[in-house]
Amino acid sequence: MTVPLWILAVLAVPTFLIGLWLAGVFLKEFFRPSGGDADPDAAEALGLLPAERQNTKYAGPLPAGVDATLAAVRGGDWKAAAKLLHDIGRDWDRRSWATGLLGGIAADDDEWLLAWEADRPDDPDAAIVRARSTVILGGQMRGAKRAKYTTGEQFAGFHRMLERSREEIARAAALNPDDPTPYVTEIAVALGLGYPHAEMDRLWSEITARAPHHYEAHYMALQYWCAKWRGSEKLATDFAERAAANAPLGSLLTVLPLIAHFEHDQSDDSEVDRTPTMIGRVDAGLADAAAADQTHPRLPELRHLLAYYLALQNRDAAALEQFRLVDGHVDALPWRYRGSEEEMAAFYCRIRNASAQAVAAESAD
C-alpha cells in the first residue's frame, strides 16, 4: 500500500524538511482514513478555510517578520538573510529551519548569496546556506520520479551535487565548530548517497554532542532508519521511542513515534491507530505541544499529526482544537505525502471537515 518515491526536496521548507525540510521524504499514494464526503459547512461555520485557501508551502504561519525578510532576500538583499541568522544566534532548531528556507531560495537564484560570499568570504552563516542550497539543488536535478523514470543524466547531476555539498558542509562546520546545522544537513547526503550505518552513527554522534534534542536532526535521522531508506520498521521505531523517551517535555520529539508508525503503516484498518499504544503516543504529543515554546517554527508539524490521529481515534473535539491552530497551512505530514498541492489541501480538509461535522452533530444532540 505504501509506494515509495524519491523526493529529495530536502530541508527547503519547515517540514521539514525542511522539513524538510523537509526534508528527504517519500510519497504515499494511498491513504487509509475515510473521511467520506463530509459537509464543509460545519468547518466553515467555525471560520476554517476551504481547500483552495490552504497554504501548501508551510506547515504553519511564519514567525513575525520572517515573511518580509524572505521577500527581501528574494529581491536580492543578502543583508536581510545575514540579519535573520544573526538574530537567531545559537538557537540551533531555529537556525536549521531558517537556513533551510534560505537555502531553498538560493537553490532557485543565488545571486544574493554570491554577493554575501564576496563581501564576507569566511562568514559561517553564508557557508551553511550555500551547503544547504547545494543539497536542495541536487534534489531538484534528480527530480521526484521513481528511479525507472529518472535518467542517467539526472542521477549524475544529483550525485555530483551531493558530493560537492560534502565539501561545503565540511567548510561550514570548520567555520563554526559549535553549530550542528552542517551535520544535520549531511543527513540528507547520507540518504542520497547511501551512507552505511557506521557512517550514520558517526554523523549522529557529531550532532548529539552539539544538540542532543534537535528536532530536524531527529526527523531526518528517523527517515534514514525507516525501511524505505537505510533501515527497517524496527530500527525506526526503536530510534523514535528512545529519542522521545529521553527528550525533555516541550522538545516536540514525541512526534517521532507517530511518524515511525505512519511511515510503516500498511493497514487499511484504522483500528491500528486506536490501540492503547497509539492513544498513549498521541496523549504524550498533546502534553509535549502544550509545554513547547508556542512560537517554535516546528510546533505546527506536531499539531498536524496530532490532529490526524485524534481524528482517526474519534477524538474529534480534541482534533478540532489542533486543526484550529494550524488551519490555513498544510505542508506537513500526513497531508504532504498526498501528491499534488490540490490533493494535499483536499485531503486535509476532508479529515478536518469530518471532525468538525462530528463535533457539530454532538453539540446538536
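**Charged pairs**

Mentor: Start with R352, which counts as buried at 1% relative accessibility. Keep in mind that this is a predicted model.

Trainee: Which residue does R352 meet in a salt bridge?
Mentor: D327. The N to O distance is 2.7 Å. D327 sits in the loop between α15 (316-326) and α16 (341-364), while R352 is in helix α16, so the pair ties together parts that are 25 residues apart in sequence.

Trainee: And D327, buried or exposed?
Mentor: Buried, with a relative accessible area of 15%. The cut-off for buried is under 20%.

Trainee: Which residues do shared partners join into one network?
Mentor: R132, E216, R298 and E301, through salt bridges.

Trainee: Switching to helices. What does K83 pair with?
Mentor: D87, in a salt bridge at 2.6 Å, N to O. Both are in helix α3 (residues 78-88), four residues apart, so about one helical turn separates them. K83 is exposed, at 51% relative accessible area.

Trainee: What about R202?
Mentor: R202 forms a salt bridge with E199. Their closest N and O atoms are 3.0 Å apart.

Trainee: How many residues apart are they in the helix?
Mentor: Three, in helix α9 (residues 197-210), which puts about one helical turn between R202 and E199.

Trainee: How accessible are R202 and E199?
Mentor: R202 is partly exposed at 33%. E199 is partly exposed too, at 24%.

Trainee: Last one. How many salt bridges does the structure hold?
Mentor: 27.

Definitions and conventions
Residues are numbered from 1 along each chain as its sequence is written. This is a predicted model: local features need pLDDT of at least 70, side-chain atom pairs count only at pLDDT 80 or more; totals for chains, interfaces and linings use all residues. Side-chain values use heavy atoms; hydrogens and water are left out. A salt bridge is a side-chain nitrogen of Lys or Arg within 4 Å of a carboxyl oxygen of Asp or Glu. Helices (H or I, at least four residues) and strands (E, at least two) are DSSP runs, numbered from the N terminus. Buried means under 20% relative accessible area, exposed over 50%, partly exposed in between (1.4 Å probe, protein chains only).
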